[in-house]
Amino acid sequence: MSHVELSNIVKRFPGVTALKGISFDVRDGEFFVLLGPTGAGKTTTLRIIAGLTKQDEGTIRFDGESVDALTPAERDTAFVFQQYSLYPTMTVFDNLAFPLRAPSRRLPEDEIRKRVEVTAEKLRISHLLDRKTAHLSGGEMQRVSIGRAIVREPRIFLMDEPLSNLDAKLREALRVELQHLQKVEGSTTLFVTHDQIEALTMADRIAVLDLGRIRQIGTPEDIYDRPADTFVAQLVGTPRINLFPARRENNHLYIEGSELHLPAPTLDLPERFTLGIRPEDITPSPDGAFAGTLQITEPLGVETILHIRSGERTLQSLIPGMTDLRIGDTVRFDLVQDRLHCFDLDGKRIN
Amino acid sequence: MATFYETGPGYPVTESIRVDRVSPTARRIHAVRAFVVLVFAIITLIPVFVMGITAFKSRADVVSVPPKIIFKPTLEGFVFLFTERAVVSKVRLPEFQKKAEAGELSLFERIALNTGQEITGPSDYVDRLKNSLIIAGISTILSVGLGLFAAYAFSRFPIGGKDDLLFFILSTRMLPPVVVTIPLFLMYRQLGLHDSHLGMILLYTVFNLSLSVWLLKGFIDEIPIEYEEAALVDGYTRFQAFYKIVLPQAVTGIAATTVFCLIFAWNEYAFALMLTSDDARTAPPSIATMLGRGGIEWSAIAAGSLGFLIPVVIVTFALRNYLLRGVTFGAIRR
Ligand SMILES: Nc1ncnc2c1ncn2[C@@H]1O[C@H](COP(=O)(O)OP(=O)(O)OP(=O)(O)O)[C@@H](O)[C@H]1O
Ligand SMILES: [Mg+2]
């Protein structure tokens, strides 16, 4: 296992610059998640680390040593691809054994058998070992793909949205298993996803990537509680954060297009800015300081989303459990004052 | 651990929604189609059939009018094809008959004797067939082998001027090959390649290469590159990945390409006629020259053509399982 460090990686494709100078490091034994929407450059980043694509600028170091001149085989990474890439002509056993049988490793066959069996046990695919991979179900294939990565001890695991092709239930189950495996083995993992829940639940640290630039690097708490800009704020959290144009006047904040105003926090705020309020920080209460009309309720069972109209603005509020409020009712609510987020007009967080 | 996915729906299926009853019209259309295919197959196969029976006819049966469908089969044609013979003089005839009765003559010698001839040695045709096997075999292996590497490179690597190169390769097939026989003839004479195996192998390899590069590139393009990349990451070199991953998945394409190349090299007539005379002469022109020598030996010609068909039929038959998918191009499941 290794410490992996990227500095100023730039990658240009004809027509697009996929990575515009990104730097981050994955520490030894860390579960690092690269989170970003489609086209952000996540796969490209992984491919560059694995050595499948060459960067145009920048350096990659494993344990302090540059690997830029090394072939994929020499870098000794394990890659779980976005699409299944099991060898269709081989059995599950042979697929799992494939990395161990590489001529550069020269493991004895009984050692290979032992390791494959242990891996299959961990992923609960022992009963599939003799099957051809072509007719496995999606979940089974993905397990085998992951198995092919963990069967050896690479310097880093590179996982490219390994769970995105699965249905919700299976994804959840496999997510927990993966997390458990990673913690038990203490393996260095770089996990790519566009799913913020996966990122928040699994990561030790997250890097948010957008259009080839890193927006923020931090722990899940950092990312959620102190988003660096409006992009990150909107990317994590469901329902989405409420963002409103706001202005400051005589120590009061006014939300444009509604009567909502509140005392300004002790921040160095410009005259105009963007105010962000997480839905769970809007708490209905009978004697709340603010009022609005209930437009829609979305009961989810464990929690309910309320759409509260105030002037021209609609606020989404997340409350635990179900509600007996009716559409059209007037709702009174409070805002959790010390959890407000303020961003300047360029979207940057104001601290 | 049984999950919902393994156990299926939790309620019994109680009603059938069969939609597989075939309508009468569909059945009639099917019958018409089958009939058309059958007629077509018969038309195509009649010449082959006639050739087949002619090969086993005696000299008299071959020329009889109307042609006989039922006749006494003989191997005369094959004896004429494979041997050189001389007429046995009246004086020596009894001697031969005695030998025949004593069972000292081989099957071929006995058949020759029936027509009043003795065998003096093997005919050229045996050598010609050998030449055909060597030239077609080696040139096919070369063009498929080289084509495979070229196609892989075209498919996987960023090559400068790739499209132009591919077009150039294809353009070698754009004019009828026979057009260049005269220049080739002159070149080959200068280079000492005239009537040599090497010359013919080179020629057929070059002609087949464009076909094999294009065909194989199509097949390799169909194999997702992720497989090789996975192998590269797993610790294999580029060549090992090619050998272990690409090759097994490309067998269909390789089989189809092999058959196409083999058929071309095996059947080629014009170049073989112009560029070979004896040492490297292949079977197709030599069958034709049999027409000339003292009366037309129809049964020998038919036997020669039949024997000539057999290797191609065997190879095609052996590879038929791959071919069926191969010639429907790109039918590889993703
Ligand atoms: N081989 C390539 N040639 C040209 N452009 C490419 C190539 N690979 C990626 N790109 C471009 O680079 C950008 C980043 O692609 P990348 O595959 O890294 O995105 P991603 O974050 O993995 O997206 P997704 O979540 O959809 O997988 C995209 O605009 C893509 O079109
Ligand atoms: Mg991707």
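Where is A:Asn250 found in chain A?

1. A:Asn250 sits in the loop joining strand E11 (242–249) to strand E12 (252–255) of chain A. Helices (H or I, at least four residues) and strands (E, at least two) are DSSP runs, numbered from the N terminus. A:Asn250 is exposed, at 70% relative accessible area; buried means under 20%, exposed over 50%, partly exposed in between (1.4 Å probe, protein chains only).

2. Before going on: this is a predicted model, where local features need pLDDT of at least 70 and side-chain atom pairs count only at pLDDT 80 or more, while totals for chains, interfaces and linings use all residues. Residues are numbered from 1 along each chain as its sequence is written, chains are lettered from A and ligands numbered from 1 in the order in which they are written, and side-chain values use heavy atoms, leaving out hydrogens and water.

3. Now the metal. A:Thr43 (OG1) and A:Gln82 (OE1) coordinate the magnesium ion (ligand 2) at 1.8 to 2.5 Å. A:Thr43 belongs to helix H1 (residues 42–50) and A:Gln82 to the loop between strand E6 (77–80) and helix H3 (92–97), so the pair ties together parts 39 residues apart in sequence. Donors are N, O and S atoms within 2.8 Å of the metal (3.2 Å for Na, K and Ca); water is not among the atoms, so sites may look incomplete. A:Thr43 is partly exposed at 28%, and A:Gln82 is partly exposed at 27%.

4. Have a look at H6(A) too: its buried residues include A:Leu174, A:Leu178 and A:Leu181. Just after H6(A), A:Gly186 has a positive phi of about 60 degrees.
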